[in-house]
Amino acid sequence: MTVDLRSDTVTTPTPAMYEAMAAAELGDDVLGHDPTTERLEALAAETVGMEAALFVPSGTMGNQIALATHTRPGDSVLFEDDAHMLFYEAAAPAVFAGVQARTVPSDRGIVDPERVAARVLKRSEHTPGTTLLCLENTHNRAGGSATPVATHARLREVASEAGLKVHLDGARVFNAAVALGVPVREVTRHVDTVNFCLSKGLASPVGSVLCGPAAFIGEARFWRKRMGGGLRQSGLLAACGIVSLTQMVDRLAEDHRRAAALAEALSGLPGIRPVPPETNILMLDLDRPASEWQGALEERGVRTIPVAPHRLRLVFHKDVDDEGLEQAGRHIRELSDSGLV
Ligand code: TLP
């Protein structure tokens, strides 16, 4: 059996999703009316406590639509140092929104609110004005860390004092909510807009939802069209998204439990230092190159991704059960014992 820990994006649709697709009432969302997509958007907006929502093909597109809608070309935008929006989105902030990125340091992906003000630029003849703060919760490259609600509240205060809007890359915001033990709307309460992914731990095959004020979402619809992201019978995909939101959130706790169990099982092994996981992402810091570990594990049917020269990422999701967890742990332990890596 292959244990695919490369990402939670590899999850396949559930039987309920196939049924929902077969039964979905469809229209043409670009012409303006696809009932299933509209149902998903209404449910998404209500779930995160916002006025409106827009179904988009990917997390990357949702984030970049948000960026373009919030800003004007030449604005300065604050991102956490290792943000997905800067690291993995193919320089889209420079190309689509045309903004200038300025980074804020963090502790494991959690931005210290007291450091934000010092990074804000006031628009002048020389300096670009900062108009937006982008956050990420949970934080991917920091190992799935969850920013607490109180930190979000303080970040909102400092952003407002500086006249900034706040966008949340909430690709895994449901993991954050589950880990923090609060409804997701508590996490999203202190941001203007959030983009969350249906296609990660929530197991939909495709899709994200951008949520925010109604006027913002109206403008975002224009940007979605401009980026080529208008989908016609998108209700087929939205039907899966409805299942994601109604059936797949609570079980994320199982993924978190398995990530913690693997970290625990590997602690103390020579040459491997698990970073204690907060959610479903486990980072292993390794003495040997991560690419060697990846190759050796791949040969044994355990798929992972190196995210730095000596760091391997393992992501838990609904298609890895306790047997998969045991298998991954056993292979890593055997490789460590045998000195093969
Ligand atoms: N992350 C993917 C890869 O791109 C790294 C993964 O396997 O984790 N925000 C965050 C925080 C993400 O982790 C991702 C995807 C996205 C946005 C983009 O989502 P998609 O892949 O739907 O464009």
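Domain bounds here come from an automatic or database domain assignment. The model is predicted.

**Stop 1: the two domains**

Colour residues 15-247 as domain 1 and residues 251-338 as domain 2. Their centres, taken over C-alpha atoms, are 28 Å apart. Now show the contact between them. Domain 1 contributes 17 residues to the contact, and domain 2 contributes 15.

**Stop 2: the seven-stranded sheet**

Select the open sheet of 7 strands. Read across it in the order β2-β10-β9-β8-β7-β3-β4. The pairing is mixed. Which strands stand at the edges? They are β2 (52-56) and β4 (100-104). Each has a single partner strand, so one side of each lacks a neighbour in the sheet. Look along the sheet next. On average, neighbouring strands are turned by 20° against each other, direction ignored.

Zoom in on β3, residues 76-80, and β7, residues 130-136. The two strands pair in the parallel sense, over 4 bridges. Pick F79 and look for its bridge partner in β7: that partner is C134.

**Stop 3: helices α2 and α10**

Select α2 (residues 35-48) and α10 (residues 235-247). Their axes come within 8 Å and cross at roughly 30°. Angles under 35 degrees count as roughly parallel, and α2 and α10 are therefore roughly parallel to each other. The crossing of these two helices is left-handed.

Show side chains for the contact. On α2, select T36, T37, R39, L40, L43 and A44. On α10, select G235, A238, A239, G241, I242, L245 and T246. What is the make-up of this contact by class? Between α2 and α10 there are 7 nonpolar, 5 polar and 1 charged residues.

**Stop 4: helices α3 and α9**

Move to α3 (residues 59-70) and α9 (residues 214-226). These helices pack at an angle of about 115°, and their axes are 9 Å apart. Is the crossing of α3 and α9 left-handed or right-handed? It is right-handed.

Now display the residues that meet. From α3 come M61, I65, A66, A68, T69 and H70. From α9 come F216, E219, A220, W223 and R224. The contact of α3 with α9 divides into 7 nonpolar, 2 polar and 2 charged residues.

**Stop 5: the four-stranded sheet**

Select the open sheet of 4 strands, in the order β11-β12-β15-β14. The pairing in this sheet is antiparallel. At the edges are β11 (272-275) and β14 (305-308), and each pairs on one side only. From one strand to the next, the twist averages 35°.

Focus on β14 and β15, where β15 covers residues 311-315. The two strands run antiparallel and are joined by 3 bridges. Pick A308: R311 in β15 stands opposite.

**Stop 6: the helix across that sheet**

Finish with α11, residues 252-266. Which strands does helix α11 lie across? They are β11, β12 (281-286) and β15. Compare directions with β12: helix α11 runs at about 20° to that strand.

Terms used: Residues numbered from 1 in each chain as written. Predicted model: local features only at pLDDT ≥ 70, side-chain atom pairs only at ≥ 80, totals over all residues. Heavy atoms only, no water. Pairing = 2+ DSSP bridges. Axes fitted to C-alpha atoms, helices over the stretch in contact; angles between N-to-C directions. Parallel < 35°, antiparallel > 145°, perpendicular 65-115°, else oblique. Left-handed = near helix turned anticlockwise from the far one by under 90°. Contact = heavy atoms within 4.5 Å. Nonpolar A, V, L, I, M, F, W, Y, C, P; charged D, E, K, R; others polar.
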